[in-house]
Amino acid sequence: MAEFRLETDRLVLRDWREADWEPFFTGTNTAEGMAWLGGVMDADRMAWQRARLEGYARDHGHTFWVIERRTDGAVLGMCGLKRANQPGGPQGDFEIGWRLVRDAWGQGYAHEAALATLDHAFTALGAPHVLALTVPGNVASWRLMERLGMERKPDLDFGSADFDPALGRIIVYRLDRAGWSARA
């Protein structure tokens, strides 16, 4: 099977390579980067996340892909799609997600990668809608969801034993294909 590759003006979203894991975890597995995701991961948790991401690609043909900057090949993080599988939440729907290295924050990379990912979900994969999950305090994340045209769906919010209860319930945003088509 050919390597997945999706290009934007400044970025390449692609399948993971062995050399990507070290810079990805070094750049994103920090106290600041993991503040809303359960805290810094130990080696076992990083191995579990890697296996999970590789499993999504194998089982569904999509995952949270590597974000590579086109100008220098730097690994900036990940963005992509998985099937929603958080216990207590919506199950089986397309879910978009992203996580970037701190140096890439505030430069529009997450927005650019997410737009390309949403377009792929709706045009290539035929998704009827795409969900995004976060917690109330992760303002940067839910603001990006809103900039992407996603709508808050409080009726889909849920609690999760996987996250610190102090972070609050998982909040859900959704974008329907019709809403995406109207933007184009």
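This is a predicted model: local features need pLDDT of at least 70, side-chain atom pairs count only at pLDDT 80 or more; totals for chains, interfaces and linings use all residues.
Trainee: Why are β1 and β7 said to stand at the edges?

Mentor: The eight strands form an open sheet of mixed pairing, in the order β1-β2-β3-β4-β5-β6-β8-β7. Because β1 (5-7) and β7 (151-152) each have a single partner strand, one side of each is left without a neighbour in the sheet.

Trainee: Which helices lie across β5, β6 and β8, and at what angles do they run?

Mentor: Helix α3 (residues 109-124) lies across these strands and also β1, β2, β3 and β4, running at about 30° to β4, whereas helix α4 (residues 139-147) lies across β5, β6 and β8, running at about 160° to β6.

Trainee: What makes the set that includes I67 and L118 a nonpolar core?

Mentor: Such a core consists of buried residues of nonpolar kinds joined through side-chain atoms within 4.5 Å, so membership implies burial under 20% relative accessible area. The largest one has 34 residues, and L13, I67, I96, W98, L118, V130 and M150 have the most contacts inside it. Helix α3 gives the most to this core, with eight residues. As for I67, the residues it touches include L13, L76, L100 and A113.

Trainee: Which residues does the second, separate core include?

Mentor: That core has 12 residues, among them M34, Y56, V75 and M78.

Technical notes
Residues are numbered from 1 along each chain as its sequence is written. Side-chain values use heavy atoms; hydrogens and water are left out. Two strands pair if DSSP finds at least two bridges between them. Helices (H or I, at least four residues) and strands (E, at least two) are DSSP runs, numbered from the N terminus. Contact means heavy atoms within 4.5 Å. Axes are lines fitted to C-alpha atoms, for helices over the stretch in contact, and angles run from 0 to 180 degrees between N-to-C directions. Buried means under 20% relative accessible area, exposed over 50%, partly exposed in between (1.4 Å probe, protein chains only). Lists of a residue's contacts leave out its neighbours within four places in sequence.
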